[in-house]
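Biologist: I would like a close look at one part of this protein, namely its pockets and the charged pairs. Please go through what lines the pockets and how the charged side chains pair up.

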Amino acid sequence: MATNFFFNNQNFTSEQRLLNDLTVEMIKIHGVDVIYLPRTTPNIDKLFLEDPTSEFLDSIHIEMYIKDYNGWRGEGDMMSKFGITMADQITFCLSRTRFQEDIGSPYDMVRPREGDLIYFSIPNAIFE
């Protein structure tokens, strides 16, 4: 039985590091600079498990790659009986190692959390 090289690639850490470094370099070249705002929750409500008084005390500059975007053309924002509905969406990609270096280790985070904000300066918008 012939051995297939492509199915036995778990032991090649140098090649995995090379691919990771190339991914980080590609995001630095083709990505955009954004500001990541981690959310801090000083008073968590024990009933609803949320904090109505969230704080954003720090800002971290990091590069992210824009995967796709929706909502900056067409209908735009709509007014309904429940308030203003904004349908602008954007999908950012970032490297796990860059996130761990800049944001993860100082704030004890493994991945971005829900409720954190990203400020994108080109449309002058904040995304959650």
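Modeller: What follows starts with the chain as a whole, then takes the pockets, then the salt bridges. Please note that this is a predicted model.

The chain has 2 helices and 7 strands. Along the sequence they come in the order α-β-β-β-β-β-α-β-β. Of the 128 residues in the chain, 21% are buried. Among contacts with a separation of 6 or more, 57% are between residues 24 or more positions apart. The accessible surface amounts to about 10,300 Å², and carbon and sulfur atoms supply 54% of that.

Empty space is found by rolling a probe the size of a water molecule over the atoms. The largest pocket has a volume of about 250 Å³. Its lining consists of 17 residues, and those closest to the centre are Phe92, Asp116, Ile118, Phe127 and Glu128. Two elements give two or more residues to this lining: strand 5, residues 89-93, and strand 6, residues 117-120. Strand 5 contributes the most, with 4 residues. Sorted by class, the lining of the largest pocket holds 9 nonpolar, 3 polar and 5 charged residues.

The second largest pocket has a volume of about 150 Å³. Leu94, Ser95, Arg96, Phe99, Val110, Arg111 and Pro112 line this second pocket. By class, that lining is made of 4 nonpolar, 1 polar and 2 charged residues.

Are the two partners buried or exposed, or in between? Asp116 has a relative accessibility of 4%, so it counts as buried. Arg113, in contrast, is at 38% and therefore counts as partly exposed.

In total the model has 4 salt bridges. One of them joins the side chains of Glu63 and Arg98, with 2.6 Å between N and O. This pair connects distant parts of the chain, as Glu63 lies in strand 2 (residues 60-70) and Arg98 in helix 2 (residues 96-107), 35 residues apart. Both ends of the pair fall under the 20% limit for a buried residue. Glu63 counts as buried because its relative accessible area is 12%, and Arg98 counts as buried because its relative accessibility is 13%.

Arg98 has a further partner. Its side chain meets that of Asp102 in a salt bridge of 2.9 Å, N to O. Here both residues belong to helix 2 and sit 4 residues apart, about one turn of the helix. Asp102 has a relative accessibility of 24%, which means that it counts as partly exposed.

These pairs belong to a network of salt bridges that links Glu63, Arg98, Glu101 and Asp102.

Conventions:
Residues numbered from 1 in each chain as written. Predicted model: local features only at pLDDT ≥ 70, side-chain atom pairs only at ≥ 80, totals over all residues. Heavy atoms only, no water. 1 Å grid on protein atoms, 1.4 Å probe; cavity = no way out; pocket = protein on both sides within 12 Å on 5 of 7 lines; lining within 4 Å. Points joined across faces, edges and corners; volume = space filled by probe spheres on them. Nonpolar A, V, L, I, M, F, W, Y, C, P; charged D, E, K, R; others polar. Buried < 20%, exposed > 50% of the residue type's maximum accessible area, 1.4 Å probe, protein only. Contact = heavy atoms within 4.5 Å. Areas by Shrake-Rupley, 256 points an atom, 1.4 Å probe, with all protein chains shown as cover.
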